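Hi,

Here is the structure I said I would pass on.

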Amino acid sequence: MQERLTLLEREALARIDAARDEKELDLVRVGILGKKGQLTEVLKGLGHLPDEQRRTVGQLANELKNKLQSRLDERRELLRSESLDRSLAGTVDLTLPGHPLPQGSIHPINRVFEEICEFFHGMGFEVVEGPELETDHYNFEALNMPDYHPARDSQDSFYVDDRSSAGGDRPAEWLLRTHTSNVQVRVMEKRQPPLRVIAPGRVYRRDNDPTHSPMFQQIEGFLVDRVVTFGNLKWILTEFVRHMFGEARRVRFRPSFFPFTEPSAEVDMSCPFCDQKGECRVCRGGWMEILGSGMIHPNVFKSAGYDPEQCSGFAFGMGVDRITMLKYRISNIRWLFENDARFLRQC
Ligand code: DAH
């Protein structure tokens with residue numbers, strides 16, 4: 001009986017190894033372990049054996065059954081993966097690199113916002129955000145922009161109340177802020193100097209052409225203390241321009257007018273594209289205007305309840321879109337808002 005088992009084992013193993021696919025292997029399995037399989041027959045016949053023999057042969061037969069079963073499983077795994085390889089061969093080249101997934105990036109405006117805020121943060125400024133829906137008072141009146149100032153004209157501002165339907169000359173109360181300078185008096189009203197604040201955010205004006213968009217982004221900055229000089233303003237803005245556009249930039253302060261500062265200055269930098277030769281299409285005569293600034297007007301301090309004799313300060317405001325366009329040489333402001341992936345991918 002034992003010899004029969006040994007023979008069966010040798011034969012079965014050979015047949016398992018010889019099976020060329022899963023179908024053949026299944027036939028082999030049925031032939032050995034199926035209802036009428038060779039080994040099943042042996043197990044069935046155990047009952048006729050004398051007790052002692054039955055035990056040893058039974059044990060051997062069971063061991064063989066387990067062994068063959070695991071050999072069948074191994075062989076099946078092997079055949080399966082071989083057949084998968086065969087079916088993929090020729091149709092799929094597994095060595096090819098995969099398709100890259102589209103990857104997002106930080107929008108150029110946000111990147112410039114971050115860079116500007118980081119610079120001023122390093123200078124001890126804190127970031128404060130003001131409301132985009134604003135009253136006449138904080139957007140104009142408190143900033144020394146009286147009722148007759150041209151910037152208050154409904155041509156320039158988006159009023160939320162319609163002036164005409166408000167009846168007569170009654171001024172509309174609410175508008176979308178036209179600049180981030182609205183944050184100045186809001187902060188000063190609540191707090192006492194010393195203050196160092198930058199206020200980034202969206203602003204709105206009735207403008208729409210290749211260099212103007214009805215919504216754009218600004219950063220306002222102001223510093224108030226007991227004694228602040230124009231020299232302090234010049235130093236910080238010169239450092240700022242060089243940080244953003246390179247150490248080689250020259251900075252020029254040109255006298256200007258803003259109702260909320262006195263004296264006021266516009267800040268120009270030497271053109272980074274033609275290196276101040278004035279030969280390029282971007283700049284005018286080698287200089288480019290990048291921001292407005294000045295010493296805070298005493299009337300602004302008064303609006304906030306400060307005594308202008310007891311404090312002084314400077315303020316500045318810049319268009320983030322403009323700085324982004326200069327930094328990345330973007331000629332049309334609309335590209336910044338259209339979200340065309342072909343454009344954004346280049347940034
Ligand atoms: N608010 C001005 C604007 O919208 C920018 C500005 C100019 C802000 C001079 C200032 C400043 O604080 O001093 O165009």
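Which backbone oxygen lies 2.6 Å from a polar atom of the side chain of Thr-238? That one belongs to Lys-234. Before I go on, please keep in mind that this is a predicted model.

Staying with Thr-238 for a moment: you'll find this residue in helix α9, which covers residues 230-245. Its relative accessible area is 16%, so Thr-238 falls under the 20% cut-off and counts as buried. If you set aside the neighbours within four places in sequence, Thr-238 is in contact with Val-251 and Phe-253.

Now the overall picture. The chain is divided into domain 1 (2-88) and domain 2 (108-344), and the centres of the two, taken over C-alpha atoms, are separated by 86 Å. In secondary structure, the chain comes to 12 helices and nine strands. Its radius of gyration is 41 Å, whereas the globule rule gives 20 Å for 347 residues, so the chain is more spread out than a compact globule. The C-alpha trace spans about 120 × 50 × 45 Å along its principal axes. Of the 347 residues, 41% are buried. Looking at contacts between residues at least 6 apart in sequence, 65% join residues at least 24 apart. The chain exposes about 20,200 Å², and carbon and sulfur atoms supply 50% of that.

Next, the ligand. It is surrounded by 15 residues, and the closest are His-179, Ser-181, Arg-205, Gln-218 and Glu-220. Here are the polar distances I'd look at:

- Ser-181: a polar side-chain atom lies 2.9 Å from a nitrogen atom of the ligand.
- Arg-205: a polar side-chain atom lies 2.7 Å from an oxygen atom of the ligand.
- Gln-218: an N or O atom in the side chain is 3.1 Å from an oxygen atom of the ligand.

Taken alone, the ligand exposes 350 Å², and the protein buries 89% of that.

Beyond its neighbours within four places in sequence, Glu-266 is in contact with several residues, including Arg-252, Phe-253, Arg-254, Glu-289 and Leu-291. Phe-253 also turned up above, as a contact of Thr-238. As for Val-203, it is 63 residues from Glu-266 in sequence and 20 Å away in space, C-alpha to C-alpha.

Finally, some backbone details. The peptide bond from Pro-193 to Pro-194 is cis, with omega near 0°, and Pro-194 is found in the loop between α8 (182-190) and β4 (195-204). The bond from Glu-262 to Pro-263 is cis too, with omega near -5°; Pro-263 has its place in strand β7.

Asp-275 is not a glycine, yet its phi is positive, near 55°. You'll find Asp-275 in the loop between β7 and β8 (287-296). Asn-339, not a glycine either, has a positive phi of about 60°, and its place is the loop between α11 (320-328) and α12 (341-346). Is Asn-339 buried or exposed? Its relative accessible area is 51%, and the cut-off for exposed is over 50%, so Asn-339 is exposed.

Cheers

Conventions
Residues numbered from 1 in each chain as written. Predicted model: local features only at pLDDT ≥ 70, side-chain atom pairs only at ≥ 80, totals over all residues. Heavy atoms only, no water. Helix = DSSP H or I, 4+ residues; strand = E, 2+ residues; numbered from the N terminus. Buried < 20%, exposed > 50% of the residue type's maximum accessible area, 1.4 Å probe, protein only. Polar contact = N/O pair within 3.5 Å; in protein donor to acceptor, adjacent residues only side chain to side chain. Contact = heavy atoms within 4.5 Å. Domains from an automatic or database assignment. Rg over C-alpha atoms; globule rule 2.2 N^0.38 Å. Areas by Shrake-Rupley, 256 points an atom, 1.4 Å probe, with all protein chains shown as cover. Near = heavy atom within 4 Å.
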